[in-house]
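Here are my notes on the aromatic contacts. Please read them with the model open.

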Amino acid sequence: MSKTRRTRSRERILAAAQDVFLAEGYHGTAMDVVTQAAGVSKQTVYAHFPSKEALFRDVIASMTAGAVAAHRARVGDFTGQQPVADFLEHYAREQLAIVLTPRLMALRRLVIGEANRFPDLGRHLFDTGPGASLERLTQAMEGYGAQGDIVVSQPHEAAKLFNWMVMGGPTAEIMHMGDSAIPEPDWCRAHAAECTRVFLAAYAP
């Protein structure tokens with residue numbers, strides 16, 4: 001099997017496994033169902049993933065990495081060229097658009113539901129998802145602070161405050177009430193603007 005074909009097989013298996021795990025949970029997922037959904041043989045599945053646990057872990061890792069990569073591509077790293085209000089509002093809008101989706105909210109529920117079985121997965125999800133975004137936001141807080149655009153003595157705490165101001169309310173509503181609580185784009189734009197306004201009212205020089 002060529003490397004290209006092997007890569008395609010792995011991607012098909014991961015895509016199928018995402019759908020099955022998100023729909024059925026860890027306990028309810030059977031490898032035979034994943035095999036059928038992926039359109040490959042059981043031998044091929046186990047050549048890539050030696051166990052259901054290994055497949056589950058790779059599903060979590062791939063979905064988290066995809067969200068982080070999308071946010072990095074759409075927001076970019078701090079350069080100091082954008083006005084601080086523009087950067088923060090854009091950051092907030094993109095964070096809301098990328099994270100508040102049925103699939104990522106289902107992923108969050110899935111990991112929380114399996115916290116006792118896989119306690120390290122919650123840490124992995126946070127470190128590679130929200131944690132990675134927070135580190136980039138912290139760098140922006142440090143940069144804008146150094147430029148005198150904001151007054152911030154604890155950049156990481158400021159980043160956490162802004163991030164959870166943006167994400168905390170809508171995420172909690174979706175987690176409790178399901179996909180029907182996912183806000184409309186107009187609400188997200190207004191929410192991002194208001195969070196930016198309130199944050200800068202506290203941190204402006």
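**Aromatic contacts in the predicted model**

1. Tyr203 is buried, since its relative accessible area is 18% and the cut-off for buried is under 20%. Keep in mind that this is a predicted model.

2. What does the ring of Tyr203 pair with? Its partner is Phe199. The ring centres are 4.4 Å apart and the planes meet at 20 degrees, so this pair is stacked. The limit for stacking is under 30 degrees.

3. Phe199 and Tyr203 both belong to helix H10. They are 4 residues apart there, so about one helical turn separates them.

4. Phe199 is buried as well, because its relative accessibility is 1%.

5. The whole structure holds 10 aromatic pairs. One of them joins Phe162 and Phe199. This pair is edge-to-face, with 70 degrees between the planes and 5.3 Å from centre to centre.

6. Which parts does the Phe162 and Phe199 pair tie together? Phe162 sits in helix H9, residues 155-177. Phe199 sits in helix H10, residues 185-203.

7. Ring pairs connect Phe21, Tyr26, Phe56 and Phe118. Tyr26 has a charge contact too: Lys52 lies over the face of its ring, 4.4 Å from the ring centre.

How values were computed:
Residues are numbered from 1 along each chain as its sequence is written. This is a predicted model: local features need pLDDT of at least 70, side-chain atom pairs count only at pLDDT 80 or more; totals for chains, interfaces and linings use all residues. Side-chain values use heavy atoms; hydrogens and water are left out. Rings of Phe, Tyr and Trp (its six-membered ring) pair if their centres lie within 6.5 Å; planes under 30 degrees apart count as stacked, over 60 as edge-to-face and the rest as tilted. Helices (H or I, at least four residues) and strands (E, at least two) are DSSP runs, numbered from the N terminus. Buried means under 20% relative accessible area, exposed over 50%, partly exposed in between (1.4 Å probe, protein chains only). A charge sits over a ring if NZ of Lys or CZ of Arg is within 6 Å of the ring centre and within 35 degrees of the ring normal.
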